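Colleague: I would like to go through the ligand site with you. Can we take it one point at a time?

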Amino acid sequence: MLLSTRRADIDHAIWPATAHDLDGDDISVGGIPLARLADRYGTPLHVVDETDVRQRCRAFKAAFAGGEVVYAGKAFLCRAMARWIAEEGLSLDVCSAGELAVARAAGFPAKRIVMHGNAKTPEDLRAAMDYGVGRIVVDSTAEISRLAALGRRAAPQRLLIRVIPGVDGGSHPAMTTGTEDQKFGFSIASGAAAEAVRRVIGQRGFEPVGLHCHIGSQITSIELFERAAVRVVDLMATIRDEHGVTLPQLDLGGGFAVPYLSGDAEISPAAVGERLMAAVRSACASYRLPVPQVTVEPGRAISARAGVTVYRVLGVKRGLSGRVFVTVDGGMSDNPRPSLYGANYTVRLVGRRATAAERATTVVGRHCEAGDVIARDALLPADVRPGDLLAVPCTGAYHHSMSSNYNLVRRPPVVGVAGGNGRLLIRRETESDLLRRDVG
Ligand SMILES: *Cc1c(COP(=O)(O)O)cnc(C)c1O
């Protein structure tokens with residue numbers, strides 16, 4: 001099926017803030033044409049728009065003025081990213097000794113680091129305590145024992161306790177973390193949360209400062225966050241009544257949806273800030289609790305739209321039914337989201353003007369898996385051919401950070417762009433990187 005030759009304008013809901021259409025010849029990000037970046041750094045290539053990241057940080061800071069915004073580093077982390085986050089005044093959530101090592105190498109202030117994870121290893125916990133991270137979010141009773149076994153530090157370790165509010169985030173099951181009977185947190189309903197609080201309150205070496213919940217990812221309804229907030233405030237009131245302890249912090253997690261295709265739902269920082277704060281205030285008023293400091297932890301909502309991946313086309317095939325497959329030089333090793341969650345993407349031809357009409361095209365990767373798809377039914381010019389460049393927006397979160405070496409394909413570089421300059425942030429993996437670990 002051929003459609004019109006008119007190319008859609010750049011939709012800034014899914015493209016980086018500085019993305020700019022160069023009269024149909026190319027798209028620039030951070031003032032640099034993507035084809036020029038592809039020439040300079042090769043493909044596949046991850047491009048990150050620093051301006052977009054900083055603008056998103058500022059929007060969240062403004063929306064939660066008086067609260068705290070923690071960037072969830074697992075979405076995308078490197079030293080440059082950690083520095084941008086630090087400079088914008090956000091805190092940082094890490095969930096392994098590895099993420100902590102990157103934060104530490106960037107000199108990220110320890111007090112503004114929160115350590116997460118449903119199963120932190122003794123090495124993770126030791127690294128966190130050695131660096132003196134501000135808070136550790138405890139997620140199991142074994143972890144409380146493991147922490148206690150590490151011995152006391154000069155100052156008591158501040159803790160948040162992760163609880164299950166019993167709210168279904170309604171997104172993909174693999175991204176739902178606020179319901180009963182999944183692996184994260186202590187159940188409020190079963191009494192496990194109250195028991196965990198009992199275990200840490202009054203234990204020397206620990207200072208419980210608040211409760212934490214995170215109901216999932218790609219959540220499109222603010223009401224679900226409000227419901228979770230009310231349930232956790234209810235538990236804060238119970239803790240006050242039982243232990244006479246008023247916890248000063250309430251961490252409501254992240255998971256704010258971003259659009260991947262034009263027209264997809266998204267949560268605006270301003271709207272969620274206003275409604276969440278109102279919900280917390282009113283719940284606290286009903287229990288005569290002082291309003292705690294509210295923390296949110298956006299990951300995807302900070303970094304997703306800053307990222308564009310550029311691939312080179314290796315081949316074009318037509319199936320028996322007429323379906324057209326365009327193969328690119330990357331795939332599930334740099335973008336596992338289609339195979340994990342059935343995610344879909346917008347794809348644009350860049351680096352040359354499209355003259356042919358558009359048709360629905362399946363863009364696939366180079367890996368040995370039939371599920372190695374980048375986009376289904378992407379509208380691409382009918383004359384796309386080997387050597388062309390394709391750009392995929394909204395790949396700044398959970399792409400590089402989830403990348404793998406499947407088929408021993410080398411992971412792509414990440415280039416930061418701003419003000420007409422590109423800077424290599426993470427270099428392309430080499431074959432000697434791959435062989436360095438192969439010591440047998
Ligand atoms: C993954 C995660 C986040 C961030 O989720 P996004 O969907 O990227 O906003 C925040 N907090 C916790 C505890 C997480 O596990």
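What follows is a set of questions and answers on a predicted model.

Colleague: Which residues are the closest to the ligand?
Modeller: The model is predicted. The ligand is surrounded by 15 residues. Closest among these are Lys74, Ser217, Glu297, Arg300 and Tyr398.

Colleague: How far is the polar side-chain atom of Ser217 from an oxygen atom of the ligand?
Modeller: A polar contact is a pair of N or O atoms within 3.5 Å. For the side chain of Ser217, the distance to a ligand oxygen atom is 2.2 Å.

Colleague: How much of the accessible area of the ligand does the protein cover?
Modeller: On its own, the ligand has 380 Å² of accessible area. The part of this that the protein covers is 93%.

Colleague: How much space lies in the largest pocket?
Modeller: The ligand sits in this pocket. Its lining has 28 residues, and Lys74, Arg162, Phe184, His214 and Tyr398 are the closest to its centre. The space in the largest pocket is about 520 Å³.

Colleague: How many residues in the lining of the largest pocket are charged?
Modeller: In the shell around the ligand, 3 residues are nonpolar, 7 polar and 5 charged. The lining of the largest pocket has 9 nonpolar and 11 polar residues. Its charged residues number 8.

Colleague: Which domains does the lining of the largest pocket draw on?
Modeller: A domain is named here with at least three residues in the lining. The two are domain 1 (3-49 + 305-436) and domain 2 (51-301).

Definitions and conventions
Residues are numbered from 1 along each chain as its sequence is written. This is a predicted model: local features need pLDDT of at least 70, side-chain atom pairs count only at pLDDT 80 or more; totals for chains, interfaces and linings use all residues. Side-chain values use heavy atoms; hydrogens and water are left out. A residue is near a molecule or strand if one of its heavy atoms lies within 4 Å of it. A polar contact is a pair of N or O atoms within 3.5 Å; within protein, one must be able to donate a hydrogen and the other to accept it, and residues adjacent in sequence count only if both atoms are side-chain atoms. Accessible areas come from the Shrake-Rupley method with a 1.4 Å probe; for residues, only the protein chains shown count as cover. On a 1 Å grid over the protein atoms alone, a cavity is a set of points where a 1.4 Å probe fits but cannot get out, and a pocket is an open set with protein on both sides within 12 Å along at least five of seven lines; lining residues have an atom within 4 Å of a point. A molecule sits in a cavity or pocket if more than half of its atoms lie within 2 Å of its grid points. Ala, Val, Leu, Ile, Met, Phe, Trp, Tyr, Cys and Pro count as nonpolar, Asp, Glu, Lys and Arg as charged, and the others, Gly among them, as polar. Grid points are joined across faces, edges and corners, and a volume is the space filled by probe spheres set on the points. Domain bounds come from an automatic or database domain assignment.
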